[in-house]
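This report concerns a single protein chain. Please consult the sequence and the coordinates alongside the text.

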Amino acid sequence: MKSTEDKREREKTLVSQMIALYCRKKHHTKRGLCPECAELDEYAKMRSDKCPFMETKTFCSNCKVHCYKPQMREKIRDVMRFSGPRMVFHHPITAIRHVVETKKEKKRLESSK
């Protein structure tokens, strides 16, 4: 079982990769992030650092408590909808690992109830 800090770091890495992919394709950036995506990335990392449910959730998108401000929540949802399916092509190992670990975590949480 991974520690809560490991989960936080994995989530921040995955979300950052998704935001970078979104920014490259939607905002046509060549390097780095545009100011809007950089702000979203920092906000998402801060929310992951402060999440009180990290131990019991599988991933932010599966969380029932939405701690993002409404405007940022919409932005992150747009990123997830766009980047989620594309992650298999751009970051295949990360995408497959995320799916496998999410399923394992869901089973673990269900069996502990």
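## Overall composition

The model discussed here is predicted. Its secondary structure consists of four helices and zero strands, and read from the N terminus the order of elements is α-α-α-α.

The chain has 113 residues, of which 36% are buried. When contacts between residues at least 6 apart in sequence are considered, 73% of them join residues at least 24 apart.

## Aromatic pairs

How many aromatic pairs does a search of the whole structure find? The search returns two. One is formed by Tyr 22 and Phe 82 in an edge-to-face arrangement, with 5.7 Å from centre to centre and 85° between the planes. This pair links distant parts of the chain, since Tyr 22 belongs to helix H1 (residues 4–26) and Phe 82 to helix H3 (residues 70–90), 60 residues apart. Tyr 22 and Phe 82 are both buried.

Tyr 43 and Tyr 68 also form an edge-to-face pair, at 5.4 Å centre to centre and with 65° between the planes. Tyr 43 is part of helix H2 (residues 35–50), whereas Tyr 68 is in the loop between H2 and H3; the pair therefore ties together parts that are 25 residues apart in sequence. Both of these tyrosines, Tyr 43 and Tyr 68, are buried.

## Packing of H1 and H3

Two packed helices are described by the angle between their axes and the distance between the axes. For H1 and H3, the angle is about 95° and the axes are 8 Å apart. H1 is therefore roughly perpendicular to H3. On the H1 side the contact is made by Leu 14, Val 15, Gln 17, Met 18, Ile 19, Leu 21, Tyr 22, Lys 25 and Lys 26. On the H3 side the contact is made by Ile 76, Asp 78, Val 79, Met 80, Phe 82, Ser 83, Gly 84, Arg 86, Met 87 and His 90. By class, the residues of this contact comprise 11 nonpolar, four polar and four charged.

Both members of the aromatic pair Tyr 22 and Phe 82 are among the residues of this contact. Arg 86, another residue of the contact, lies over the face of Phe 82, at 3.8 Å from the ring centre.

## Surroundings of Tyr 43

Is Tyr 43 buried or exposed? Its relative accessible area is 12%, under the 20% limit, so Tyr 43 counts as buried. Apart from neighbours within four places in sequence, Tyr 43 is in contact with Cys 67, Tyr 68, Lys 69 and Met 72. One of these, Tyr 68, is also its partner in the edge-to-face pair.

A C-alpha to C-alpha distance of 9.9 Å separates Tyr 43 from Ile 76, and the two are 33 residues apart in sequence. Ile 76 is among the H3 residues in contact with H1.

His 28 is placed in the loop between H1 and H2. Its phi is positive, about 55°, although His 28 is not a glycine. The relative accessibility of His 28 is 61%, which is over 50%, so the residue counts as exposed.

Glu 36 is located in helix H2. With a relative accessible area of 41%, Glu 36 is partly exposed. Setting aside neighbours within four places in sequence, Glu 36 is in contact with His 27 and Lys 75. Glu 36 and Cys 23 are 13 residues apart in sequence, and 8.9 Å lies between their C-alpha atoms.

Neighbours within four places in sequence aside, Glu 55 is in contact with Thr 4, Lys 7, Glu 105 and Arg 108. The C-alpha atoms of Glu 55 and Ser 3 are 8.1 Å apart, while the two residues are 52 residues apart along the chain.

Conventions. Residues are numbered from 1 along each chain as its sequence is written. This is a predicted model: local features need pLDDT of at least 70, side-chain atom pairs count only at pLDDT 80 or more; totals for chains, interfaces and linings use all residues. Side-chain values use heavy atoms; hydrogens and water are left out. Rings of Phe, Tyr and Trp (its six-membered ring) pair if their centres lie within 6.5 Å; planes under 30 degrees apart count as stacked, over 60 as edge-to-face and the rest as tilted. Helices (H or I, at least four residues) and strands (E, at least two) are DSSP runs, numbered from the N terminus. Buried means under 20% relative accessible area, exposed over 50%, partly exposed in between (1.4 Å probe, protein chains only). A charge sits over a ring if NZ of Lys or CZ of Arg is within 6 Å of the ring centre and within 35 degrees of the ring normal. Axes are lines fitted to C-alpha atoms, for helices over the stretch in contact, and angles run from 0 to 180 degrees between N-to-C directions. Angles under 35 degrees count as roughly parallel, over 145 as roughly antiparallel, 65 to 115 as roughly perpendicular and the rest as oblique. Contact means heavy atoms within 4.5 Å. Ala, Val, Leu, Ile, Met, Phe, Trp, Tyr, Cys and Pro count as nonpolar, Asp, Glu, Lys and Arg as charged, and the others, Gly among them, as polar.
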